[in-house]
Amino acid sequence: MSEGKKDLGKDMEKAVKEAAEESKKAAEKVAEKGQKAAEKVAEKGQKAAEKIAEKGQKAAEKVAKEGKNALEAFAEEGQKASAKAMNKLGDMAENVKDSASDMASAAGENLQSAAEKIVDKVRDISGDAGDKLSSFAKKAREEVQDAVEDAGKMLNDVKKKHLTK
């Protein structure tokens, strides 16, 4: 009788060790799936950030170019106005001053309009990035949850296999 208990104890010990080993393997698989999901999310987040940075850079370059063009146009108009002012006396100088003031106001309005366009573009880009990151996070949570469920099923299978013997 005591020999039977020893054998039963050894069998149970062996079954527990096997179950522990299978549980360990299942946990490693879950961890591996979680790592892969996290890497996917990080990669997609990096790509989204790069796209945002690229769009921001393009928008900044466009504003700089528009600002430069506006300043060059303003400078050209100012030079023309100065040449006319030097050729005329008195009243003509006052007209040049008014013309330069109007051009400065127009240039300021152009720059303000360009700045408003940039702000709108940046807001659109930021909203798109937030939506994409939210979608990536949701997918990652689902993949991790699937991996956890798979591990739970594997563990139950191991329990059934070894505890029903």
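Predicted model: local features only at pLDDT ≥ 70, side-chain atom pairs only at ≥ 80, totals over all residues.
Local features were taken at pLDDT of at least 70, side-chain atom pairs only at pLDDT 80 or more, and totals for chains, interfaces and linings from all residues. Residues are numbered from 1 along each chain as its sequence is written, and side-chain values use heavy atoms, without hydrogens or water.

The largest pocket has a volume of about 320 Å³. A pocket is here an open set of points on a 1 Å grid over the protein atoms alone, where a 1.4 Å probe fits, with protein on both sides within 12 Å along at least five of seven lines. Points are joined across faces, edges and corners, and the volume is the space filled by probe spheres set on them. Lining residues, those with an atom within 4 Å of a point, number 15 for this pocket. Closest to its centre are Met12, Ala15, Val16, His162 and Leu163.

Helix H1 (2–87) and helix H2 (91–163) each supply at least two lining residues. Helices are DSSP runs (H or I, at least four residues), numbered from the N terminus. H1 gives the most to the lining, with nine residues. By class, the lining holds eight nonpolar, two polar and five charged residues. Nonpolar covers Ala, Val, Leu, Ile, Met, Phe, Trp, Tyr, Cys and Pro; charged covers Asp, Glu, Lys and Arg; the others, Gly among them, are polar.

The model contains seven salt bridges. Each is a side-chain nitrogen of Lys or Arg within 4 Å of a carboxyl oxygen of Asp or Glu. Lys47 pairs with Glu43, with the closest N and O atoms 3.3 Å apart. Both residues lie in helix H1, four residues apart, about one turn of the helix. Lys47 is partly exposed at 46% relative accessible area, and Glu43 is partly exposed at 47%. Accessibility was computed with a 1.4 Å probe on protein chains only: buried is under 20%, exposed over 50%, and partly exposed in between.

Glu54 forms a salt bridge with Lys58, again with the closest N and O atoms 3.3 Å apart. These two are four residues apart in H1, about one helical turn. Glu54 is partly exposed at 46%, whereas Lys58 counts as exposed at 52%.

The side chains of Glu76 and Lys80 meet in a salt bridge of 3.6 Å, N to O. Glu76 is partly exposed at 43%, and Lys80 is partly exposed at 43%. About one turn of H1 separates Glu76 and Lys80, which are four residues apart. Salt bridges with shared partners join Glu76, Glu77 and Lys80 into one network.
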